[in-house]
Amino acid sequence: MHELQALGAALAALPESRLKSMSLDDDLREALLVSKRIKSHEARRRHLQYIGRLMRDVDPAPLRAQLAEVEGHSAQANARHRRLEAWRERLLADDGALTEFAAEFPGADLQAVRNLIRNSRKEQQEGKPPRAFRELFRVIKDIESSSPAQG
């Protein structure tokens, strides 16, 4: 029971946008969103107990997995992150890697990727903050997540 309540408290600490994107029971989602608006310590404590009671009717395993993925603790999330970083490093190091990238992700906007690669290399040479370097990672992540054959 206390474990479910702790899981509920961890879910309640997530931003509203994350809660809305997670697959949760409607009553539980609403209770978690309401907990964001409660300011009184005692009322918040009682509401977290209520959330714990709602969670008795829900299988906690998928919720734990979703929470671990959001927090970046899952092995799958870590592996995906490493895979995306490897793509970014390959694209920056080798011009031929863009051809491999295009073959793996056929729907990718190669012109935008090429532009970010060029800007990122220029930033690194000039010692500027890595804005394009980070943007390249975001673009690769978006392309990979929208690809039908996530590989």
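Mentor: Start at Val-113. Leaving out residues up to four places away in sequence, Val-113 touches Leu-91, Leu-98, Phe-101, Leu-136, Val-139 and Ile-143. Contact here means heavy atoms within 4.5 Å. The model is predicted, so local features need pLDDT of at least 70 and side-chain atom pairs pLDDT 80 or more, while totals for chains, interfaces and linings use all residues. Residues are numbered from 1 along each chain as its sequence is written, and side-chain values use heavy atoms, without hydrogens or water.

Now widen the view. The largest nonpolar core has 19 residues. Such a core is a set of buried Ala, Val, Leu, Ile, Met, Phe, Trp, Tyr and Cys residues joined through side-chain atoms within 4.5 Å. Buried means under 20% relative accessible area, with a 1.4 Å probe and protein chains only. Val-113 is among the residues with the most contacts inside this core, and so are Leu-91, Phe-101, Ile-117, Leu-136, Ile-140 and Ile-143.

Which elements build it? Two or more residues each come from α6, α7 (97-104), α8 (110-126) and α9. The helices are DSSP runs (H or I, at least four residues), numbered from the N terminus. The most comes from α9, which gives 7 residues.

There is also a second, separate core. It has 18 residues, including Leu-14, Leu-28, Leu-32 and Leu-63.

Key
Buried < 20%, exposed > 50% of the residue type's maximum accessible area, 1.4 Å probe, protein only.
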